[in-house]
Amino acid sequence: MSTGVGVSSCCMSGKVQEGTPTGHVETIGGLNTYVSEPEGGSKTKTVIFIVDIFGWEFKNTRLLADNYAKAGFYCYIPDVHDGDSLPISFLDNVEPNLKTKEQLSTIDSAKNTAIVGSTLPPWLVTHREGVSRPIIDGFVNAVRLIPGTNKIGAIGFCWGARYAILQAHGRKESESGSDVGGVDAVYACHPSLVTVPGDFDPVTKPLSMALGTKDSLLDQKTVGQIIDLMAKKTELPHEIRLYEDQVHGFALRGDWSSDKDKKAMDDAEEQGIEWFKKYLS
């Protein structure tokens, strides 16, 4: 089963958080990259953030990387969209949370659908797997060559969560015979556009997932299929945590004015930190 190329307005919902990122920008593997370092600067536990459609400059992603750095991880957020991420202004055009979603009029819902329908399909074609996966694989390769780097984890959100899952397939061999891509552990938050079983059968690395029960891009039937498939991998560390009443994007773009949404966002952050502490050590 594949979700195809259609993405609902939920993929573009959420809130921009308050705060000022404290990292810096470098060029790594030819990509502009936000870097957030842990105290002491150790690269022995590295985490690569694979972004959602709003890209590497989205403040929420940078603030989250700063939090992971405070927990002891050396963090990178590469511009895997090559300067072509969707603008943050789209967040103002769609529903921010479940409560607002339920109160939208038919006309407003139709407007949101029209906005998404005219914007996302061409963007998804431009950033299809044949284009994006080599970019991400190349960045992983570049990070592996950085002195001091030991184990590498990948965390992905929405669009990027699927590519994080693909990194859990492990290293693959290029036509020239060299190894490309592949990380040591993965955390995927509310992935979109996944194929079941195709994206999950090849998973060979520890995989943790955070999924919302109200995610319009990953219905509960598909979630059940993923759970059943991963349960058969009895020798592979994995976990799938369901967050009640959370919509697509909750782990990165949650509404802090809602205690329930903020708790889900905080719990999802802790889920990833604990996963990487265990499997990048």
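Select W275 and Y279, both of which are buried, a term used here for residues under 20% relative accessible area, with exposed meaning over 50% and partly exposed lying in between (1.4 Å probe, protein chains only). These two residues sit 4 apart in helix 8 (residues 259–279) and are therefore separated by about one helical turn, where helices are DSSP runs of H or I with at least four residues, strands are DSSP runs of E with at least two, and both are numbered from the N terminus.

Before going further, keep in mind that this is a predicted model, in which local features need pLDDT of at least 70 and side-chain atom pairs count only at pLDDT 80 or more, while totals for chains, interfaces and linings use all residues. Residues are numbered from 1 along each chain as its sequence is written, and side-chain values use heavy atoms, with hydrogens and water left out.

Zoom out to the whole chain, which has 8 helices and 10 strands and in which 53% of the 281 residues count as buried. Colour by pLDDT, the predictor's confidence in each residue from 0 to 100: the chain mean is 88, and 85% of the residues reach 70 or more. Residues 1–13 stay under 50, although the model has 55 contacts beyond four places in sequence for them, a contact being heavy atoms within 4.5 Å.

Next, select strand 5 (151–157), which is largely enclosed by the rest of the structure because 6 of its 7 residues are buried. Strand 5 pairs in the parallel sense with strand 3 (residues 45–50) over 6 bridges and, also in the parallel sense, with strand 8 over 5 bridges; pairing requires that DSSP find at least two bridges between the strands.

The structure holds 12 aromatic pairs, counted when ring centres of Phe, Tyr and Trp (its six-membered ring) lie within 6.5 Å, with planes under 30 degrees apart called stacked, over 60 edge-to-face and the rest tilted. Select Y243 and F250, whose ring centres are 4.9 Å apart and whose planes stand at 45°, so the pair is tilted. Returning to W275 and Y279, their ring centres are 4.6 Å apart with planes at 50°, so this pair too is tilted.

Finish with the backbone. Most residues other than glycine have a negative phi, and most peptide bonds are trans. C158, in the loop between strand 5 and helix 5 (159–167), has a positive phi of about 55° although it is not a glycine, and at 0% relative accessibility C158 counts as buried. D245 has a positive phi of about 65° and lies in the loop between strand 10 (238–243) and helix 7 (250–253); at 25% relative accessibility, D245 counts as partly exposed. Lastly, select V196 and P197, which are joined by a cis peptide bond with omega of about 15°; P197 belongs to the loop between strand 8 (185–189) and strand 9 (207–212).
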